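Please open the model in your viewer and keep the sequence panel beside it. The stops below say what to select next and what is to be found there.

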Amino acid sequence: MASDRSGLVADRRLVSLVVVLGAALAGVVVLVSFGSNTACTNAWSCTSPDCRPCLVVSVVGLGGLVAGTMLGTLAVFGPGPQRLRRALVVLGMPATAALVVLLSSGWSAPPAG
């Protein structure tokens, strides 16, 4: 008698793809967070509790992580054809990372000169 071992996730390769792209998105968020140097930040943290650029970068980074989590969850557990779910992850995660970089870079320090 054969048992059904498919479990909840049918495509393990899709899970691997979600994990790799999710880790890349998290890496982008961390790099953006450390890269926002302004008058009230230094290379590692905010130097003032009312630093608006830190708040904006933090909210954008958190929003990017939430969007990436939702994309990954929808791709692994969502309905629809497997190709569509894979395309959602392959296109959605890098697009989310690019959006995090674009929104956060608007709050970086102005060029010296």
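Throughout this tour, contact means heavy atoms within 4.5 Å. This is a predicted model, in which local features need pLDDT of at least 70 and side-chain atom pairs count only at pLDDT 80 or more, while totals for chains, interfaces and linings use all residues. Residues are numbered from 1 along each chain as its sequence is written, and side-chain values use heavy atoms, with hydrogens and water left out.

**The whole chain**

Begin with a cartoon view, where the secondary structure comes to three helices and zero strands, the elements running α-α-α from the N terminus on. Helices (H or I, at least four residues) and strands (E, at least two) are DSSP runs, numbered from the N terminus. Of the 113 residues in the protein, 29% are buried, where buried means under 20% relative accessible area, exposed over 50%, and partly exposed in between (1.4 Å probe, protein chains only). Among contacts with a separation of 6 or more, residues 24 or more positions apart account for 66%.

**The nonpolar cores**

Next, select Leu 14, Val 18, Leu 25, Ala 75, Val 76, Val 89, Met 93 and Ala 97, which form the largest nonpolar core, of eight residues. To this core α1 (12–34), α2 (52–77) and α3 (82–105) each supply at least two residues. Another core, of six residues, lies apart from it, and includes Val 29, Val 32, Val 56 and Val 60. A nonpolar core is here a set of buried Ala, Val, Leu, Ile, Met, Phe, Trp, Tyr and Cys residues joined through side-chain atoms within 4.5 Å.

**Along α2**

Now select α2, whose 26 residues should span 38 Å at 1.5 Å a residue, in agreement with the 37 Å between its end C-alpha atoms; the expected span is 1.5 Å times one less than the number of residues in the helix. Its buried residues include Gly 61, Gly 64, Gly 68 and Gly 72, as well as Pro 53 and Cys 54.

**Leu 25**

Which residues does Leu 25 touch, not counting those up to four places away in sequence? They are Gly 64, Gly 68, Met 93, Thr 96 and Ala 97. Leu 25 itself lies in helix α1 and, because its relative accessibility is 2%, counts as buried.

The side chain of Arg 85 reaches the backbone oxygen of Ala 75 at 2.9 Å. With residues up to four places away in sequence not counted, Arg 85 touches Leu 14, Leu 74, Ala 75, Val 76, Gly 78, Pro 79 and Gly 80; of these, Leu 14, Ala 75 and Val 76 belong to the largest nonpolar core.

Terms used. Polar contact = N/O pair within 3.5 Å; in protein donor to acceptor, adjacent residues only side chain to side chain.
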